[in-house]
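Have the sequence and the model open beside you as you read.

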Amino acid sequence: MESIPYRAEDVRGNLLRLDLNENSYPPSPKVLERIAEAARSCNWYPRPSMMRQLAERLAEYAGCNADYVLPTCGSDEAIELVCKAFLERGDRVVTVSPTFAMYRFYSRVQGAEVMEVPLEPPNYDIGDGFLEKASEAKVVFLCNPNNPTGNLIVDERLVRELLDGERLVVVDEAYYEFSEVSFSKLVEDYSNLVVLRSLSKSFSIAGLRVGYCIACPETLEMLFNVKPPFTITSVSIAAALGALEDVEHMKRNVERITYWRDRLISEINSLDGLRCLPSKSIFACFTCRDLKIANVELVERLKRRGILVKALPRKPWFEDFVRVTVAREEENLRFLEVLRSVIEELGGS
Ligand SMILES: Cc1ncc(COP(=O)(O)O)c(C=O)c1O
């Protein structure tokens with residue numbers, strides 16, 4: 001089996017973590033209340049009725065029927081279930097590059113071959129040839145908005161064209177609340193569409209691991225058939241229900257983050273030698289190529305000053321990019337101050 005294990009970096013000391021697209025705002029107080037209540041019953045396995053209730057609440061939130069929703073242990077588990085249910089050794093998966101690494105990871109675990117079609121600079125849009133490449137695929141993974149480029153890479157026309165074939169099309173909307181663009185309504189017309197969502201980012205419960213799939217009941221059944229029974233803990237189910245009771249709390253935080261995202265992007269763009277891509281997500285992605293410094297070196301210098309951001313793997317079409325999570329005001333200001341001082345040190349603006 002040719003797969004590279006995913007290892008999250010453990011960080012010691014008082015570093016400001018802006019490398020994993022987490023939400024710096026705490027979740028709603030309702031989440032903490034529900035966790036405290038649920039913790040008292042943690043001697044029991046989660047009851048199927050709790051999962052049903054979660055599916056119902058998620059469906060209400062997403063504006064679809066509960067039969068069309070399958071809650072999962074983070075959207076990571078949803079990606080794993082899709083790969084387990086639909087892929088065998090030798091099958092082909094098509095996605096773009098750069099994109100979220102877990103599509104490749106779980107596809108390879110199944111023995112599938114992954115074709116990554118480069119996004120096209122300078123804006124990192126999907127190229128015209130994608131549809132043709134996707135025609136050879138059993139499963140197509142698309143992240144919209146894309147991680148790490150931050151842009152919406154597909155529109156409804158392209159998604160419908162992709163769905164008109166036999167292949168399964170997975171649209172990962174982990175950052176949906178930051179873009180407000182969704183293709184979830186198309187699941188009523190296409191049984192080969194799976195939309196993935198997450199409560200990690202917008203609802204601030206990454207540590208509790210709750211995501212969900214939206215698809216037609218027949219497709220969800222195929223995913224359910226390969227799902228172990230108790231992957232979402234009773235505490236996490238309760239927390240997710242608490243988060244969904246307070247959608248207003250989430251919306252307020254998303255609004256603050258999107259305000260700061262746009263401000264951060266223009267501040268980064270005002271620095272000589274840096275170019276930041278527009279973003280519809282919780283992060284900003286910029287290149288330091290014109291500074292003549294490798295992204296890993298820039299990231300190391302930021303780390304020495306207490307800030308952790310992500311150096312993205314270099315490709316000929318995607319050089320020296322760095323991804324930074326948009327956080328709360330004081331954290332964004334600290335990041336900008338440190339970034340400016342590193343650039344000055346390097347002889348830039
Ligand atoms: C595009 C994308 N999909 C899925 C995930 C996984 O999220 P979750 O915490 O729901 O497993 C991430 C996490 O960063 C992501 O960026």
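A residue is called buried here if 20 or more other C-beta atoms lie within 10 Å of its own, and exposed if 12 or fewer do. Keep in mind that this is a predicted model. Now try the rule on Asn-21: because this residue has 22 C-beta neighbours inside 10 Å, Asn-21 counts as buried. You will find Asn-21 in the loop between β1 (16-17) and α1.

While we are looking at backbones, two prolines are worth a stop. The peptide bond from Ser-97 to Pro-98 is cis, with omega near 0°, and Pro-98 belongs to the loop between β3 and α4 (102-109). Another cis peptide bond links Asn-144 to Pro-145, again with omega about 0°. Pro-145 is found in the loop between β5 (139-143) and α6 (156-163).

Let's step back to the overall layout. The protein is divided into domain 1 (16-24 + 248-345) and domain 2 (29-245). Taken over C-alpha atoms, the centres of domain 1 and domain 2 are separated by 26 Å. Where they meet, 23 residues from domain 1 and 22 residues from domain 2 take part in the contact. On the domain 1 side, α10 (247-269), β10 (283-287) and β13 (321-325) each supply at least two residues. Of these elements, α10 gives the most, with five residues. Sorted by class, this side of domain 1 has 13 nonpolar, six polar and four charged residues.

What about the interior? In soluble globular proteins, nonpolar side chains tend to be buried together. Here the largest nonpolar core has 111 residues, and Val-82, Val-170 and Cys-213 touch the most other members. This core draws at least three residues from each of domain 1 and domain 2. Which residues does Val-170 contact, leaving aside its neighbours within four places in sequence? They are Val-82, Val-139, Val-140, Phe-141, Leu-142, Val-194 and Leu-196.

Although Val-94 and Val-114 are 20 residues apart along the chain, their C-alpha atoms are separated by 5.9 Å. Beyond its neighbours within four places in sequence, Val-94 is in contact with Met-115, Val-117, Lys-133, Ala-134, Glu-136, Ala-137 and Val-140.

An α-helix has 3.6 residues a turn, so residues three or four places apart point the same way. In helix α1 (residues 29-39), the buried residues are Val-31, Arg-34 and Ala-38. Because they cover an arc of only 70° around the axis, they are on the same side of α1. These buried residues pack against α9 (234-245).

Val-159, Leu-162 and Leu-163 are buried in α6. Seen down the axis, the buried residues fall within an arc of 100°, so they line one face of the helix. Among the elements that cover them are α5 (130-134), β5, β6 (168-172) and β7.

We finish at the ligand. Which residues are closest to the ligand? Of the 13 residues that surround it, the closest are Gly-74, Ser-75, Asp-76, Ser-198 and Ser-200. Helix α3 (residues 74-86) provides the largest share of this shell, three residues. By class, the shell around the ligand has four nonpolar, seven polar and two charged residues.

Note on methods: Residues numbered from 1 in each chain as written. Predicted model: local features only at pLDDT ≥ 70, side-chain atom pairs only at ≥ 80, totals over all residues. Core = buried A, V, L, I, M, F, W, Y, C linked by C-beta atoms within 7 Å. Domains from an automatic or database assignment. Contact = placed C-beta atoms within 7 Å. Helix = DSSP H or I, 4+ residues; strand = E, 2+ residues; numbered from the N terminus. Nonpolar A, V, L, I, M, F, W, Y, C, P; charged D, E, K, R; others polar. Arc of directions from axis to C-beta. Near = placed C-beta within 6 Å.
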